[in-house]
Amino acid sequence: MIKRKWFVVIGAALALNSAWIGPSLSGTILGTKHDFTGLNARAGVVAMSGVAFSDYGSPCVYCHIPPDKTTPSGTDPAQSIEDAIKQGAALGGNPSWNRFLPDPDSYNLYDSRSLENKVRTPSPISLLCLSCHDGTMALDMTVFKPNGWNSSEDAALHVRLNGGDDLMSCGKCHNGKVAHSIEIKHLGTDLRNDHPISMQYAGLNQKDADFWAPDSPYGFDNGVKLYDGKVECATCHNVHDPDINLLLRATSDRLCETCHIK
Ligand code: HEC
Ligand code: HEC
Ligand code: HEC
Ligand code: HEC
Ligand code: HEC
């Protein structure tokens, strides 16, 4: 199964890199907007980590299960990865990620009369993104904290990625006056204005004349990726590759025509 192989890859990659500045691919998260622990150095302020959210010492653990949970010394890494995922799932975690699953039924997904593959709930890989981008859960609300992180270092605030003006929201400061506005990165739970997600890709098996066939079951040669044949947030975005603006997998003029014919 692909998923299982993938866990092992992550575990192995993280385990090999105790400094967590991993393979060239993963290192590229550093310096991007998902590099939360790098904020202070880059922005030159101490407004964020330790105050607005807890600093776990590594940018990876806000999404990935910390390697010290998956590879305790002397155990079979594959086995312990399974254990960590089971343990995480029992706590309400999104399988294989260090984030909790938001309520999948809380979303209004895109719909229209012409949309063929209607979907009611987002898949787990998109719920990963939505666990921050819908603004309902705190940025630092992870399933596991890394070993060695002491709860006495817990931040005073655990703010959520939303534009609100209350003390629980990044928008308290990120209102375009104190700091850059965060509003547009907050998608909310109403996704009817966003591109449809979690539907089967209509171009599979030359099913639909309006869509190109993918180059492989995993997607397109330009990097646009399918997950179990479906379109997800990470189909168009690669949080590990900042080369293209807004972490897109193809420049915005080419992205749409990767799939849509005309
Ligand atoms: C914002 C969430 C997020 C953060 C933070 C993050 N990752 Fe990832 N990572 C992902 C996603 C999503 C994928 C799957 C990408 C895909 O399917 O192409 C992934 C995939 C990976 C993979 C597997 C690569 C592959 O070929 O499938 C590795 C290894 C990895 N990440 C390591 C790291 C490391 C090391 C860090 C910290 C420097 C990190 N990640 C930070 C979300 C994140
Ligand atoms: C742990 C919380 C978290 C998770 C999980 C997360 N993000 Fe983000 N994301 C953020 C924050 C915080 C920002 C920066 C907001 C700002 O400063 O304006 C951001 C910014 C972005 C941006 C804008 C980047 C830019 O350069 O302006 C994109 C695109 C994005 N995220 C996509 C994703 C996708 C796709 C996923 C899932 C694979 C994901 N995010 C998962 C928290 C998260
Ligand atoms: C106490 C005020 C305050 C709070 C709360 C706050 N920030 Fe910030 N943030 C700032 C300031 C000031 C800067 C530096 C100026 C700027 O980048 O606009 C900054 C910078 C950033 C940057 C780096 C900007 C860049 O483009 O490199 C990101 C990303 C960020 N904040 C995300 C967040 C997120 C996500 C939250 C909520 C979890 C948050 N901040 C909460 C004040 C705050
Ligand atoms: C079909 C491709 C596609 C899918 C699927 C997709 N996006 Fe995007 N996303 C884009 C494009 C293109 C942009 C830039 C233009 C725009 O803002 O519409 C963007 C912009 C963004 C931004 C930055 C907004 C800004 O202007 O700063 C965030 C954050 C984001 N997407 C997150 C997500 C999340 C989370 C999901 C899944 C719920 C998702 N995207 C699904 C293509 C996509
Ligand atoms: C990974 C392939 C893929 C990419 C890339 C992609 N789309 Fe789509 N798009 C789809 C699929 C699949 C559907 C749903 C088709 C169906 O089931 O009827 C869809 C549906 C849509 C719809 C709704 C159509 C309707 O019938 O209601 C719009 C609008 C749209 N896409 C615009 C865009 C734009 C603009 C871009 C570029 C930013 C883009 N798409 C990129 C695959 C893609």
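Me: Which classes of residue make up the shell around ligand 2?

Reply: Classes sort side chains: Ala, Val, Leu, Ile, Met, Phe, Trp, Tyr, Cys and Pro count as nonpolar, Asp, Glu, Lys and Arg as charged, and the others, Gly among them, as polar. Here the shell has 13 nonpolar, four polar and three charged residues. This is a predicted model: local features need pLDDT of at least 70, side-chain atom pairs need 80 or more, and totals for chains, interfaces and linings use all residues. Residues count from 1 along each chain as written, chains are lettered from A and ligands numbered from 1 in written order, and side-chain values use heavy atoms, without hydrogens and water.

Me: Which residues are closest to ligand 2?

Reply: A residue is near a molecule if one of its heavy atoms lies within 4 Å of it. Ligand 2 has 20 residues around it, and the closest are His34, Cys129, Cys132, His133 and His180.

Me: Which helix gives the most to the shell?

Reply: Helices are DSSP runs (H or I, at least four residues), numbered from the N terminus. Helix α6, residues 124-133, gives the most, with four residues.

Me: How many residues of α6 are buried?

Reply: Buried means under 20% relative accessible area (1.4 Å probe, protein chains only). In α6, seven of 10 residues are buried, including Leu127 and Cys132.

Definitions and conventions:
Helices (H or I, at least four residues) and strands (E, at least two) are DSSP runs, numbered from the N terminus. Buried means under 20% relative accessible area, exposed over 50%, partly exposed in between (1.4 Å probe, protein chains only).
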